Amino acid sequence: MGDYEEDTAFLGQKGPFFIIIFLLLNAIYISTGFHSFYIVFAGASPSHHCQVLDGNLSEEWIKASIPIEDVNGKLEQSKCWRYSLDTIQHFANEGYNFANVNFTDIAKERCIEGWKYSTDVYHSTIVSEWDLVCEREWRVPFASSTLYMGYLLGSLVSGQLSDRFGRKKVLFASLALESLIIFVQSFSQSWLVFCILYFFVGAFQVSLYITAFVLGTEVLSTSLRVLFTTLGAFLHYCVGYMVLPWIAFAIRDWRTLLRVLSALTLVYIPLWWFIPESPRWLISQGRVEEAESIVKDAAKKNKVIAPDIIFKPSEGNTTPAPRKKYSMIDVVKTSNIRCTTFMCLLLWMAINIGYFGLSLNTSNLLGNPFLNCFLSAVAEVPAYIIATLLLKTCPRRPLLSGFLSIGGGFLLLIQLIPEHLSTLALALEMAGKFGFTMSFTVVYIYTAEIYPTVLRNLGMGMCSSAARIGSITAPYIIFLGTYSKYLPYILMGSLTIGSSLANMFLPETFGKVLPETIEQMQSCKGCHRGDVLMEEDRKQVVLKEQKL
């Protein structure tokens, strides 16, 4: 067929058809914000201590039976130990006053009878329901990471499914299945079932995100496409993210929360009759009549006249020349590309660890966890807007290094803040989140501009996999805070500062023509292309490509 943009130019740029599709696809992204971080509240750990079920003990003796420990400079009741109940009962029966007993001489024992959880903030979470504390505390970050394991699967499979079955079918199938699985997940009777279902929530969620992105890119006009791919999708995701903590504030039970979030997705079902299939995909499948029907409907809504025949066959019947096929091996074949790929993988991994780590950490911060989560989401809005505006006029390399330095630098400063200035520590963490979000926006554009066309999809795919590994790791980085409050900040901050320094070795792409071939790809500082391909070999490669 001919050029799609030329064939559909009569539709204009901002007619009602395009605006409606733009708004509806953005509305779908609000649901991804709902579903991305509900584990922050469903998996929160309420204040707890050992359960003491002996009905003969007074409240004073029960309270005294829980040891006091120094946790990050504060005296708190032990969460995993209690004094030997037999010894406590002996002292109580003998009529001792608990104030006169030297408890340091009493042996300790584990929470044999379970735990007692505070219901001041959360009425029920998976932690309080399945006792995911103490020696089983590791199960909470594992549960969080299963979502990102699902992301990895969904990223690999969704593209193939939408190429085979169509963008629209995969989009709404992902939406429906994600909602259904979240609803089923709310009835989980064990931690293992919860994790298995959460894995599939992640797979369908990222499939929804990617497919909606592709559909918008293929259906929208050029001007709205740019707005959709830069700000539209990100900002509406933030809207859902900002609304989530207030829904969780109103619903303190994790099962009810999941059912409500699942039910909210039902409002998107009628959109099936308003969002069309991608005409570009239909043409690629040879279904030209269906594509023309959609475009003619768009013309009617935009109040323009469509030609009788919209998609004309290309002149001539020439068979396209065969092209060289590239594989993952080519992404690491030469020293220059290896150097570029390694640093890009480091950047994507560091940014994802920081972004998802800080997003998951909001329930662990001092103050109101619902407000903290809201502020974390709010910090992303100006970050996306500022980063998008700066990308139009600023070089990529110093911009990304600057944003990474902001994100990592503020995290490293948190350990220097006194305990009584918790508000300042919270502000620094939000500033760090601001830096990571801006880095997130820049690294997508920067990476796509670095790789040549023949390797761009492969390079971005490898970086996306590294990002998933980073997000899977993030919950465990935050889990280290149970051993040292500042350790997660030190690790994330150091990794980010290190990646910002590595970024300075990548080539600048601002104002440069996108490379088409490996030979046109810019070199990293310190990587000599001459060490990889001799000049004579390069000329032979170019001659072969010209012949093809």
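Predicted model: local features only at pLDDT ≥ 70, side-chain atom pairs only at ≥ 80, totals over all residues.

Me: What makes the buried residues of α5 line one face of the helix?

Reply: The residues concerned are Leu 85, Ile 88 and Phe 91, which are buried in α5 (residues 85-93). Seen down the axis of α5, the buried residues fall within an arc of 125°, so they line one face. An α-helix has 3.6 residues a turn, so residues three or four places apart point the same way. On the other side of α5, Asp 86 and Asn 93 are exposed. The buried residues of α5 pack against α4 (59-64), β4 (81-83) and β5 (108-110).

Me: Why is Ser 278 called buried?

Reply: Buried means under 20% relative accessible area. Ser 278 has a relative accessible area of 0%, and is therefore buried. Ser 278 lies in the loop between α11 (254-264) and α12 (279-284). Not counting residues up to four places away in sequence, Ser 278 touches Arg 167, Leu 215, Glu 218 and Val 219.

Me: Why is α18 called roughly antiparallel to α21?

Reply: The axes of α18 (residues 396-413) and α21 (residues 487-503) come within 8 Å and cross at roughly 160°. Angles over 145 degrees count as roughly antiparallel, and α18 is therefore roughly antiparallel to α21. The crossing of α18 and α21 is left-handed.

Me: How do the residues of the contact of α18 with α21 divide?

Reply: The residues of this contact between α18 and α21 divide into eight nonpolar, 10 polar and one charged. Among them are Arg 397 and Leu 400 in α18, and Tyr 489 and Ile 490 in α21.

Definitions and conventions. Residues numbered from 1 in each chain as written. Heavy atoms only, no water. Buried < 20%, exposed > 50% of the residue type's maximum accessible area, 1.4 Å probe, protein only. Helix = DSSP H or I, 4+ residues; strand = E, 2+ residues; numbered from the N terminus. Arc of directions from axis to C-beta. Contact = heavy atoms within 4.5 Å. Axes fitted to C-alpha atoms, helices over the stretch in contact; angles between N-to-C directions. Parallel < 35°, antiparallel > 145°, perpendicular 65-115°, else oblique. Left-handed = near helix turned anticlockwise from the far one by under 90°. Nonpolar A, V, L, I, M, F, W, Y, C, P; charged D, E, K, R; others polar.
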